[in-house]
Amino acid sequence: MELRGVSVHYGRTCALSEVDLTVGRGETLALLGPSGSGKSTALKAIAGFVRPSAGRVLLDGADITDLPPSRRGLGVVVQNYALFPHLRVADNVAFGLRARRLPRAEVRERVRETLELVGMAGYARRYPRELSGGQQQRVAIARALAIRPPVLLLDEPLSALDAALREDMVAELLRLRAELPDTTLIHVTHDQGEALALADRIAVMRDAKLVEAGPSGRLYHRPSREFTASFLGAANLIPVELVRHDGDDLVTVRLGGRELPAGPVTGVPGGAVALGVRPHRLGVHAPGRELFPATLKGVQWRGSGFRLDLDLELTSGSCPVRAEVATVDGLPGVGQRVGVSIPDGCPVVPLG
Ligand code: ADP
C-alpha cells in the first residue's frame, strides 16, 4: 500500500498535506498522532472515502486513486463498529461475501471460519444489541476480514472500549496478526502504548503532515524529530549544547556547565538540539555535588509510584521536566531544592 504525495482538503481545511508512505505486505503500521492530525483522513484516502486533492494511492503497484471503495477490496473497521443492527452476527459477516455473489455454501463456510478467527463462533445467531462492546468490535473485524482483504484498515477500533477491554483487544489483535501473516494492517490510534504494542512500524502525524515513519523500536529509542520524542514516550526535552561527535552516532553534550555522553543522534543536527530524557530515567535525590540542581514543584502519587514536576536550573534559565520515581522517601518537600541525575546515552534530537 502506498501513498504518493497525497493531500486532502475539506473545503479550505487542509487535513492531509503531501503525505508519502509505503506499507509492506503483511506489515502492521500504526498511524499515530494527536486528535485532528489527519490520521483518519489518511485512512479514508486509502479506503476511498475521500478523494485526494493531489497525489496517488497505490495497491500492489496499481493506481487505485479513482476506484470507489467497494472496488478496492479492502477491509475497514471504524471506532463505533457500525454493524447492521437488524442483521444477525452471521449475516453481518456474510454481507460483503453476498455482495460479491459468492456461492451459498462458500459464504457459510467463510462466515464460520472468520467468526472462529475472532473468537465469536458461538454468537452467529445473535443480534448486535445482544453483544457487549468488545464482542461487537470483534464482529466488525470479522465482517471486514470475511472478504479476505489484502489490507485491513482500523480506525481507532479500541477507543470506544473501557481500559481493561482495550488491553484484551490489543492481545486479540496481536493474535489475529499472527494468524494472518500476509494481511497488511493499518491501525489509526492516538494511543502511543497501543501503537508500540501492535505495530512493526509507526508513522507519526502532526498538523496534517507525516512527521516521520520508521520501525517502532527506532522511533522510540532514537527519534529524529522533537515531536516524535515528546509524543512517543513523553520524553523531557532538555536543551543542550553539542560539544563534539564521538564516532558512530554518539556525541558529547554540555548541560549546566558539565559534559555528558549522549546519543544516539540521528543525522548531524546543525542547529539547536535537546536531550530526550524519559521521565522514568531521571533520578531525583537530595541535592548533591554530582547532581543537576532543580526545584521540586509538585508531587502526584500514582499508586505504582510518584510523578514529580521539577524545574531544572540551567545556565540559560529553568527548564520544566517531569520524573517518575518509585519513592519520595528522603526527598525534601515541594518548593525545596533537589538534585537530578541524568543517565548517559540519552537520544539527542534537533529542536524545532
Ligand atoms: P485525526 O484522525 O488525526 O483525529 P482527522 O483526519 O479526522 O484527524 O482530521 C484532520 C483535520 O481535518 C481536522 O482539522 C478536522 O477537523 C478536519 N476534518 C476532518 N473531517 C472533516 C470533514 N468531513 N469536514 C471538514 N473538516 C474535516
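Lys and Arg count here as positive, Asp and Glu as negative, and His and the chain ends are left out. On that basis the chain carries 43 positive and 39 negative charges, and their mean positions lie 7 Å apart. The model is predicted.

**Overall picture**

The chain holds 8 helices and 20 strands. Its C-alpha trace spans about 80 × 45 × 40 Å along the principal axes. Of the 352 residues, 48% are buried. The exposed surface comes to about 16,700 Å². Carbon and sulfur atoms supply 50% of that area. Among contacts with a separation of 6 or more, 65% join residues 24 or more positions apart.

Strand 4 covers residues 54-59 and pairs with strand 1, residues 2-10. The two are antiparallel and share 4 bridges. Within this pairing, Glu2 stands opposite Leu58 of strand 4. Strand 4 also pairs with strand 5, residues 62-63. This pairing is antiparallel too, with 2 bridges. Here Leu59 faces Ala62 of strand 5 as its opposite residue. Strands 4 and 5 make a hairpin with 2 residues between them. In that turn, Asp60 has a positive phi of about 50 degrees.

**Strands 16, 17 and 18**

Strand 17 is bridged to strand 16 and to strand 18. The strand pairings described in this report are listed below.

| Strand pair | Sense | Bridges |
|---|---|---|
| Strand 1 and strand 4 | antiparallel | 4 bridges |
| Strand 4 and strand 5 | antiparallel | 2 bridges |
| Strand 16 and strand 17 | antiparallel | 7 bridges |
| Strand 17 and strand 18 | antiparallel | 9 bridges |

Strand 16 runs through residues 292-301, and strand 18 through residues 317-325. Which residue of strand 17 is the bridge partner of Ala294? The partner is Leu312. Leu312 also stands opposite Cys319 in strand 18.

The hairpin of strand 16 and strand 17 has 4 residues between the strands. Gly303 in this hairpin takes a positive phi near 85 degrees. The hairpin from strand 17 to strand 18 passes through 2 residues.

**Aromatic pairs**

A search of the whole structure finds 2 aromatic pairs. Phe84 and Phe95 form a tilted one, with 4.6 Å from centre to centre and 45 degrees between the planes. What does this pair tie together? Phe84 sits in the loop between strand 6 (75-77) and helix 2 (89-99), while Phe95 belongs to helix 2, so the contact links parts 11 residues apart in sequence. Phe84 is partly exposed at 26% relative accessibility. Phe95 is partly exposed as well, at 42%.

Phe227 and Phe231 also pair. Their ring centres are 5.5 Å apart and their planes meet at 15 degrees, so the pair is stacked. The cut-off for stacking is planes under 30 degrees apart. Both residues lie in helix 8, residues 226-231. They are 4 residues apart, about one turn of the helix.

Are Phe227 and Phe231 buried or partly exposed? Phe227 has 14% relative accessibility and so counts as buried. Phe231 has 21%, so it counts as partly exposed. The cut-off for buried is under 20% relative accessible area.

Terms used
Residues numbered from 1 in each chain as written. Predicted model: local features only at pLDDT ≥ 70, side-chain atom pairs only at ≥ 80, totals over all residues. Heavy atoms only, no water. Pairing = 2+ DSSP bridges. Buried < 20%, exposed > 50% of the residue type's maximum accessible area, 1.4 Å probe, protein only. Contact = heavy atoms within 4.5 Å. Areas by Shrake-Rupley, 256 points an atom, 1.4 Å probe, with all protein chains shown as cover. Charge placed at Lys NZ, Arg CZ, Asp CG, Glu CD. Phe/Tyr/Trp six-rings, centres within 6.5 Å; stacked < 30°, edge-to-face > 60°.
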